Amino acid sequence: MIHKRSIPVIYRWARYIIGMIAISGTILTAYLTIAKLTGTTVYCGVNDAQILETSCKNVLNSRYATVFNLPLSLFGTLAYISMSVASLGPLLLKSEKNKNFIKKIDEWTWQFLLIGGTAMAVFSSYLIYILSTELYSTCYYCLASFLLSLALMIFSILGKEWEDIGQTLFVSI
């Protein structure tokens, strides 16, 4: 009797996990974008509210918070939306017709998820560096976005059986 090799759980659920992480990032950065565009104060928690509110304001009103007169969080929102679409979109294409096309879309989106997740994690790392060395502030939204982008990168690496992981990681960098 021939047994099919079982698919590891992470491979079956990775797109869903990446999609949920990306949707969470979309909500987080959309909140910051709307707050910035409307001039609303962001909510920074109950404990040490005064200190955290000042830190949040310092970060969100700093010169690093805008690019081309647009909030940096808007670009984060767009990045998280694109990661959501790339991770969940192929799940909607399951069909017996056009199997080759669906397989190509699956491969392309995995490459995009890896490159996008890596780029987001690297850029978020840079922003955390700026946060700690230039702004000397604590921003839990920034830290949350960093952790979400890091999780996107990790799950895009671990969520698929890559043919050559060394080459794949080189391509993403």
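I started with Trp 13 and Tyr 16, which sit three residues apart in helix 1 (residues 9–38), so about one helical turn separates them. Helices here are DSSP runs of H or I with at least four residues, numbered from the N terminus.

Housekeeping: this is a predicted model, where local features need pLDDT of at least 70 and side-chain atom pairs count only at pLDDT 80 or more, while totals for chains, interfaces and linings use all residues. Residues are numbered from 1 along each chain as its sequence is written, and side-chain values use heavy atoms, leaving out hydrogens and water.

Next I checked accessibility (buried is under 20% relative accessible area, exposed over 50%, partly exposed in between; 1.4 Å probe, protein chains only). Trp 13 is partly exposed at 47%, and Tyr 16 is partly exposed at 40%.

Then I looked at Tyr 31 and Tyr 141: their ring centres are 5.8 Å apart with planes at 50°, so I logged the pair as tilted. For ring pairs of Phe, Tyr and Trp (its six-membered ring), centres must lie within 6.5 Å; planes under 30 degrees apart are stacked, over 60 edge-to-face, the rest tilted. This pair links distant parts of the chain, with Tyr 31 in helix 1 and Tyr 141 in helix 5 (residues 140–158), 110 residues apart. Is Tyr 141 buried or exposed? I found Tyr 141 buried at 15%, while Tyr 31 is partly exposed at 34%.

Last, I looked up Ser 124 in helix 4 (residues 99–135). Ser 124 is buried at 11%. Leaving aside neighbours within four places in sequence, Ser 124 contacts Ser 145, Phe 146 and Ser 149 (contact means heavy atoms within 4.5 Å).

Note on methods
Helix = DSSP H or I, 4+ residues; strand = E, 2+ residues; numbered from the N terminus.
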